[in-house]
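Q: Can you take me through a protein structure, one bit at a time? I'm new to this.

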Amino acid sequence: MVKLPGLWQKRLLVLGHGIQAPSFSTHVAKRVGTHSGTFHCDEALACFMLRLSKHFSGADIVRTRDWKLLNSLDAVVDVGGVYDPLRHRYDHHQRNFNQVFGYGFTTKLSSAGLVYKHFGLEIIAKVLELDEAHPHVHHLYPAIYRNFVEAIDAVDNENEAFHQAMALAGGEFLENVNYYAKSWLPARSIVMECLAARETVDSSGEIIKLNQSCPWKLNIHEFEEEMKISPSIKYVLYPDDRSENWRLQAVAVSPVRFESRKPLPYLWRGLENDKLSEVAGIPGCTFVHMNGFIGGNRSYDGALAMARASLKAQAMEG
(Lines give C-alpha, C1' and ligand atoms only; values in the text may rest on other atoms or scores of the structure.)
Protein backbone atom coordinates (compact mmCIF):
# COMPACT_ATOMS: atom_id res chain seq x y z
CA MET A 1 0.00 0.00 0.00
CA VAL A 2 1.32 3.43 -0.95
CA LYS A 3 0.52 6.34 1.27
CA LEU A 4 1.19 9.82 -0.09
CA PRO A 5 -0.02 12.69 2.13
CA GLY A 6 -0.43 15.40 -0.48
CA LEU A 7 -2.00 13.05 -2.95
CA TRP A 8 -4.41 11.45 -0.55
CA GLN A 9 -5.85 14.82 0.46
CA LYS A 10 -6.87 15.45 -3.14
CA ARG A 11 -7.76 11.94 -4.24
CA LEU A 12 -9.22 10.14 -1.25
CA LEU A 13 -12.81 10.89 -2.15
CA VAL A 14 -12.22 9.90 -5.77
CA LEU A 15 -10.58 6.63 -4.77
CA GLY A 16 -13.36 6.08 -2.27
CA HIS A 17 -15.92 5.77 -5.04
CA GLY A 18 -14.30 2.48 -5.99
CA ILE A 19 -15.63 0.81 -2.81
CA GLN A 20 -19.21 1.40 -1.85
CA ALA A 21 -20.90 0.28 1.33
CA PRO A 22 -24.16 -1.54 0.72
CA SER A 23 -27.40 0.34 1.05
CA PHE A 24 -30.83 -1.11 1.72
CA SER A 25 -33.81 0.34 -0.07
CA THR A 26 -36.10 -0.68 2.79
CA HIS A 27 -34.35 1.69 5.18
CA VAL A 28 -34.19 5.47 5.20
CA ALA A 29 -30.56 6.45 4.66
CA LYS A 30 -28.71 7.93 7.59
CA ARG A 31 -27.17 11.36 7.13
CA VAL A 32 -23.55 12.14 8.02
CA GLY A 33 -22.50 15.78 8.16
CA THR A 34 -19.22 17.61 7.81
CA HIS A 35 -18.30 21.21 7.04
CA SER A 36 -18.59 22.75 3.61
CA GLY A 37 -15.78 24.61 1.86
CA THR A 38 -12.17 23.48 1.79
CA PHE A 39 -11.82 19.88 2.87
CA HIS A 40 -8.95 17.84 4.25
CA CYS A 41 -8.00 14.19 4.28
CA ASP A 42 -9.26 13.54 7.81
CA GLU A 43 -12.95 14.36 7.30
CA ALA A 44 -12.99 12.73 3.86
CA LEU A 45 -11.63 9.51 5.34
CA ALA A 46 -13.92 9.79 8.38
CA CYS A 47 -17.01 10.00 6.15
CA PHE A 48 -15.77 7.15 3.99
CA MET A 49 -15.21 4.90 7.01
CA LEU A 50 -18.58 5.71 8.55
CA ARG A 51 -20.30 4.65 5.33
CA LEU A 52 -18.53 1.29 5.65
CA SER A 53 -20.03 0.70 9.09
CA LYS A 54 -23.29 -1.20 9.56
CA HIS A 55 -25.00 1.68 11.35
CA PHE A 56 -24.17 4.24 8.65
CA SER A 57 -24.10 1.95 5.63
CA GLY A 58 -24.81 3.96 2.49
CA ALA A 59 -25.32 7.16 4.46
CA ASP A 60 -25.85 10.42 2.63
CA ILE A 61 -23.05 12.94 3.15
CA VAL A 62 -24.18 16.48 3.94
CA ARG A 63 -21.56 19.25 3.71
CA THR A 64 -22.74 22.41 5.45
CA ARG A 65 -21.96 24.97 8.14
CA ASP A 66 -25.61 25.46 9.01
CA TRP A 67 -25.64 24.61 12.73
CA LYS A 68 -29.35 23.84 12.80
CA LEU A 69 -28.95 21.36 9.97
CA LEU A 70 -25.83 19.82 11.49
CA ASN A 71 -27.63 19.27 14.78
CA SER A 72 -30.37 17.33 12.98
CA LEU A 73 -28.00 14.84 11.37
CA ASP A 74 -27.28 11.30 12.52
CA ALA A 75 -23.52 11.88 12.73
CA VAL A 76 -21.23 14.89 12.39
CA VAL A 77 -17.47 14.85 11.79
CA ASP A 78 -14.79 17.57 11.91
CA VAL A 79 -17.18 20.37 12.82
CA GLY A 80 -19.47 21.33 15.67
CA GLY A 81 -16.96 21.56 18.52
CA VAL A 82 -18.20 18.35 20.17
CA TYR A 83 -16.74 14.90 20.70
CA ASP A 84 -19.51 12.59 21.92
CA PRO A 85 -19.47 9.07 20.48
CA LEU A 86 -22.85 8.27 22.02
CA ARG A 87 -24.37 10.95 19.78
CA HIS A 88 -21.92 10.26 16.95
CA ARG A 89 -20.24 13.67 17.14
CA TYR A 90 -16.60 13.46 16.11
CA ASP A 91 -14.92 16.87 16.15
CA HIS A 92 -11.36 17.49 17.35
CA HIS A 93 -11.04 21.28 17.14
CA GLN A 94 -12.27 22.14 20.61
CA ARG A 95 -9.84 23.72 23.01
CA ASN A 96 -9.84 20.97 25.63
CA PHE A 97 -9.65 18.07 23.18
CA ASN A 98 -7.03 15.49 24.16
CA GLN A 99 -8.22 12.16 22.79
CA VAL A 100 -5.61 9.64 21.63
CA PHE A 101 -5.98 6.19 20.10
CA GLY A 102 -4.54 4.19 22.97
CA TYR A 103 -2.03 1.34 22.57
CA GLY A 104 0.72 3.74 23.63
CA PHE A 105 0.08 6.29 20.85
CA THR A 106 0.31 9.94 21.89
CA THR A 107 -0.91 11.69 18.73
CA LYS A 108 -4.13 13.60 19.23
CA LEU A 109 -6.83 12.19 17.00
CA SER A 110 -8.33 13.90 13.99
CA SER A 111 -11.89 13.20 12.91
CA ALA A 112 -10.58 10.20 10.97
CA GLY A 113 -8.80 8.86 14.04
CA LEU A 114 -11.93 9.29 16.14
CA VAL A 115 -14.08 7.37 13.69
CA TYR A 116 -11.43 4.69 13.32
CA LYS A 117 -11.15 4.37 17.10
CA HIS A 118 -14.86 3.59 17.40
CA PHE A 119 -15.54 1.76 14.11
CA GLY A 120 -12.15 0.40 13.06
CA LEU A 121 -12.63 -3.13 14.41
CA GLU A 122 -16.01 -3.43 12.73
CA ILE A 123 -14.71 -2.11 9.42
CA ILE A 124 -11.65 -4.37 9.35
CA ALA A 125 -13.81 -7.38 10.16
CA LYS A 126 -16.23 -6.46 7.38
CA VAL A 127 -13.51 -5.96 4.78
CA LEU A 128 -11.84 -9.27 5.69
CA GLU A 129 -15.16 -11.09 6.15
CA LEU A 130 -14.11 -12.20 9.63
CA ASP A 131 -15.79 -12.09 13.01
CA GLU A 132 -14.96 -8.94 14.91
CA ALA A 133 -13.46 -11.05 17.71
CA HIS A 134 -11.03 -12.81 15.36
CA PRO A 135 -7.35 -12.37 16.40
CA HIS A 136 -6.42 -11.12 12.92
CA VAL A 137 -8.84 -8.22 13.29
CA HIS A 138 -7.34 -7.23 16.65
CA HIS A 139 -3.78 -7.48 15.33
CA LEU A 140 -4.60 -5.30 12.34
CA TYR A 141 -6.50 -2.67 14.32
CA PRO A 142 -3.43 -0.90 15.84
CA ALA A 143 -1.23 -1.77 12.86
CA ILE A 144 -3.48 0.03 10.39
CA TYR A 145 -3.70 2.99 12.73
CA ARG A 146 0.10 3.14 13.00
CA ASN A 147 0.77 2.83 9.28
CA PHE A 148 -2.16 4.65 7.74
CA VAL A 149 -4.51 6.59 9.98
CA GLU A 150 -1.81 8.16 12.15
CA ALA A 151 0.81 8.62 9.49
CA ILE A 152 0.01 8.21 5.80
CA ASP A 153 3.44 9.29 4.66
CA ALA A 154 5.04 5.84 4.55
CA VAL A 155 5.90 4.61 1.07
CA ASP A 156 6.51 0.92 0.26
CA ASN A 157 9.19 -0.11 -2.16
CA GLU A 158 7.26 -2.81 -4.00
CA ASN A 159 7.59 -2.56 -7.77
CA GLU A 160 3.88 -2.39 -8.61
CA ALA A 161 3.26 0.10 -5.85
CA PHE A 162 6.16 2.19 -7.07
CA HIS A 163 4.70 2.52 -10.55
CA GLN A 164 1.34 3.49 -9.08
CA ALA A 165 3.07 6.07 -6.92
CA MET A 166 5.08 7.31 -9.88
CA ALA A 167 1.94 7.86 -11.94
CA LEU A 168 0.23 9.68 -9.09
CA ALA A 169 3.33 11.76 -8.34
CA GLY A 170 3.64 12.64 -12.03
CA GLY A 171 0.07 13.81 -12.13
CA GLU A 172 0.68 15.84 -8.98
CA PHE A 173 3.76 17.40 -10.56
CA LEU A 174 1.83 18.50 -13.64
CA GLU A 175 -0.96 19.89 -11.47
CA ASN A 176 1.64 21.94 -9.59
CA VAL A 177 3.12 23.27 -12.82
CA ASN A 178 -0.34 24.41 -13.93
CA TYR A 179 -1.12 25.82 -10.49
CA TYR A 180 2.01 27.94 -10.33
CA ALA A 181 1.54 29.16 -13.89
CA LYS A 182 -2.14 30.02 -13.55
CA SER A 183 -2.46 31.07 -9.90
CA TRP A 184 0.87 31.80 -8.26
CA LEU A 185 2.32 34.00 -10.99
CA PRO A 186 -0.75 36.29 -11.30
CA ALA A 187 -0.85 36.55 -7.50
CA ARG A 188 2.60 38.13 -7.43
CA SER A 189 1.38 41.44 -8.80
CA ILE A 190 -1.55 41.47 -6.37
CA VAL A 191 0.68 40.84 -3.36
CA MET A 192 3.27 43.39 -4.46
CA GLU A 193 0.63 46.12 -4.77
CA CYS A 194 -0.74 45.29 -1.33
CA LEU A 195 2.71 45.37 0.23
CA ALA A 196 3.39 48.76 -1.30
CA ALA A 197 0.13 50.07 0.20
CA ARG A 198 0.55 48.43 3.62
CA GLU A 199 0.91 51.67 5.60
CA THR A 200 -2.48 52.85 4.35
CA VAL A 201 -4.00 49.83 6.12
CA ASP A 202 -2.18 50.34 9.41
CA SER A 203 0.60 52.75 10.36
CA SER A 204 2.66 49.88 11.78
CA GLY A 205 3.21 48.52 8.26
CA GLU A 206 2.75 45.02 9.66
CA ILE A 207 -0.75 44.35 8.28
CA ILE A 208 -1.70 44.03 4.62
CA LYS A 209 -5.10 43.80 2.97
CA LEU A 210 -5.84 41.63 -0.05
CA ASN A 211 -8.98 42.62 -1.92
CA GLN A 212 -9.30 39.11 -3.29
CA SER A 213 -8.21 35.70 -2.07
CA CYS A 214 -5.01 34.52 -3.75
CA PRO A 215 -1.96 32.33 -2.98
CA TRP A 216 0.12 34.87 -1.08
CA LYS A 217 2.14 32.75 1.34
CA LEU A 218 5.20 32.10 -0.83
CA ASN A 219 5.10 35.48 -2.51
CA ILE A 220 5.05 37.49 0.69
CA HIS A 221 8.35 36.10 1.97
CA GLU A 222 10.06 36.61 -1.39
CA PHE A 223 8.85 40.19 -1.69
CA GLU A 224 9.80 41.05 1.89
CA GLU A 225 13.36 40.10 1.04
CA GLU A 226 13.37 41.81 -2.35
CA MET A 227 11.76 45.01 -1.04
CA LYS A 228 13.75 44.91 2.23
CA ILE A 229 10.54 45.29 4.23
CA SER A 230 11.03 45.94 7.94
CA PRO A 231 9.31 45.29 10.25
CA SER A 232 8.04 42.09 8.69
CA ILE A 233 4.37 41.52 7.87
CA LYS A 234 2.52 39.85 10.74
CA TYR A 235 -1.07 39.58 9.46
CA VAL A 236 -2.81 39.31 6.11
CA LEU A 237 -6.49 40.27 5.77
CA TYR A 238 -8.51 38.85 2.90
CA PRO A 239 -12.17 38.18 2.01
CA ASP A 240 -13.51 34.70 2.67
CA ASP A 241 -14.27 33.28 -0.76
CA ARG A 242 -17.16 31.22 0.67
CA SER A 243 -19.02 34.02 2.45
CA GLU A 244 -19.09 37.78 2.99
CA ASN A 245 -16.83 37.42 6.04
CA TRP A 246 -13.18 38.44 6.31
CA ARG A 247 -10.23 36.34 7.44
CA LEU A 248 -7.06 37.41 9.18
CA GLN A 249 -4.12 35.06 9.02
CA ALA A 250 -0.80 35.23 10.82
CA VAL A 251 2.21 35.04 8.51
CA ALA A 252 4.42 32.01 9.08
CA VAL A 253 8.06 32.44 10.07
CA SER A 254 9.02 30.90 6.71
CA PRO A 255 7.26 29.34 3.71
CA VAL A 256 8.16 25.84 4.90
CA ARG A 257 7.18 26.20 8.56
CA PHE A 258 3.76 26.31 10.18
CA GLU A 259 4.84 28.40 13.19
CA SER A 260 3.45 31.95 13.05
CA ARG A 261 5.48 35.09 13.52
CA LYS A 262 2.81 36.46 15.84
CA PRO A 263 -0.09 34.08 16.48
CA LEU A 264 -3.42 35.54 17.52
CA PRO A 265 -3.82 36.06 21.28
CA TYR A 266 -3.92 32.95 23.44
CA LEU A 267 -7.16 33.95 25.17
CA TRP A 268 -8.98 34.06 21.82
CA ARG A 269 -7.94 30.63 20.60
CA GLY A 270 -10.64 28.02 20.19
CA LEU A 271 -13.43 30.54 20.75
CA GLU A 272 -16.24 31.43 18.34
CA ASN A 273 -18.90 34.05 17.64
CA ASP A 274 -20.39 35.89 20.64
CA LYS A 275 -17.99 34.39 23.19
CA LEU A 276 -14.99 35.40 21.09
CA SER A 277 -16.39 38.89 20.51
CA GLU A 278 -16.92 39.26 24.25
CA VAL A 279 -13.39 38.19 25.15
CA ALA A 280 -11.76 40.19 22.35
CA GLY A 281 -13.94 43.26 22.85
CA ILE A 282 -14.51 43.38 19.09
CA PRO A 283 -17.95 42.88 17.49
CA GLY A 284 -18.53 40.46 14.65
CA CYS A 285 -15.84 37.91 15.49
CA THR A 286 -16.55 34.45 14.05
CA PHE A 287 -13.66 32.23 15.16
CA VAL A 288 -10.00 31.88 16.05
CA HIS A 289 -8.27 28.56 15.41
CA MET A 290 -6.93 26.88 18.54
CA ASN A 291 -3.38 27.21 17.16
CA GLY A 292 -3.86 30.95 16.70
CA PHE A 293 -2.78 31.08 13.06
CA ILE A 294 -6.12 32.22 11.59
CA GLY A 295 -9.33 33.94 12.62
CA GLY A 296 -12.38 35.57 11.13
CA ASN A 297 -14.80 38.46 11.42
CA ARG A 298 -18.02 39.41 9.68
CA SER A 299 -16.52 42.66 8.37
CA TYR A 300 -13.22 44.05 7.13
CA ASP A 301 -13.16 46.66 9.91
CA GLY A 302 -13.67 43.91 12.46
CA ALA A 303 -10.85 41.79 11.02
CA LEU A 304 -8.57 44.83 11.00
CA ALA A 305 -9.46 45.56 14.64
CA MET A 306 -8.56 41.96 15.52
CA ALA A 307 -5.20 42.26 13.75
CA ARG A 308 -4.41 45.58 15.47
CA ALA A 309 -5.39 44.20 18.87
CA SER A 310 -3.22 41.13 18.22
CA LEU A 311 -0.23 43.32 17.45
CA LYS A 312 -0.67 45.18 20.73
CA ALA A 313 -1.30 42.03 22.72
CA GLN A 314 1.80 40.39 21.33
CA ALA A 315 3.83 43.51 22.09
CA MET A 316 2.66 43.40 25.71
CA GLU A 317 3.42 39.67 25.93
CA GLY A 318 6.96 40.43 24.87
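What follows is a chat about helices, charged residues and a surface patch.

A: Start with one caution: this is a predicted model.

Q: Okay. Helix α2 first: where is it, and how many residues does it have?
A: Helix α2 covers residues 41–52, which makes twelve residues. From its first C-alpha to its last it reaches 17 Å, close to the 16 Å expected at 1.5 Å a residue.

Q: Is α2 largely enclosed or largely exposed?
A: Largely enclosed by the rest of the structure, because ten of its twelve residues are buried.

Q: Which ones are buried in α2?
A: The buried residues are C41, D42, E43, A44, L45, A46, C47, M49, L50 and L52.

Q: What reaches the backbone nitrogen of E43?
A: The side chain of S111 does, at 3.5 Å. S111 lies in helix α4. S111 has a relative accessible area of 0%, so it counts as buried.

Q: Where does α4 run, and what else is in it?
A: Helix α4 spans residues 111–128, and L128 lies in it. L128 has 39% relative accessibility, so it counts as partly exposed.

Q: Which patch is L128 part of?
A: L128 forms a nonpolar patch on the surface with V127 and L140. Together the three have about 240 Å² of accessible area.

Q: New topic: charges. How many salt bridges are there in the whole structure?
A: A search finds seven.

Q: Give me one. What does R87 pair with?
A: R87 forms a salt bridge with D84, and their closest N and O atoms are 3.0 Å apart. R87 counts as partly exposed because its relative accessibility is 46%. D84 is also partly exposed, with a relative accessible area of 21%.

Q: Where does E259 come in?
A: The side chains of E259 and R257 meet in a salt bridge, at 2.4 Å from N to O. E259 is partly exposed, with a relative accessible area of 44%. R257 counts as partly exposed too, at 47% relative accessibility.

Q: Which residue is buried yet has no salt bridge?
A: D78. The nearest side chain of opposite charge is R65, and that is 7.2 Å away.

Q: How far would count for a salt bridge?
A: The side-chain nitrogen has to be within 4 Å of the carboxyl oxygen.

Q: What does the side chain of D78 make a polar contact with?
A: With the side chain of H35, at 3.0 Å.

Q: Last one, a strand. Where is I294, and is it buried or exposed?
A: I294 is in strand β10, residues 294–297. Its relative accessible area is 8%, so I294 is buried.

Q: How far is I294 from L248?
A: Along the chain, I294 and L248 are 46 residues apart. Their C-alpha atoms are separated by 5.8 Å.

Methods:
Residues numbered from 1 in each chain as written. Predicted model: local features only at pLDDT ≥ 70, side-chain atom pairs only at ≥ 80, totals over all residues. Heavy atoms only, no water. Patch = residues over 30% accessible without salt bridge, like charges linked within 9 Å, V, L, I, M, F, W, Y side chains within 5 Å. Areas by Shrake-Rupley, 256 points an atom, 1.4 Å probe, with all protein chains shown as cover. Helix = DSSP H or I, 4+ residues; strand = E, 2+ residues; numbered from the N terminus. Buried < 20%, exposed > 50% of the residue type's maximum accessible area, 1.4 Å probe, protein only. Expected span 1.5 Å × (residues − 1). Lys, Arg positive; Asp, Glu negative; His and termini not counted. Polar contact = N/O pair within 3.5 Å; in protein donor to acceptor, adjacent residues only side chain to side chain.
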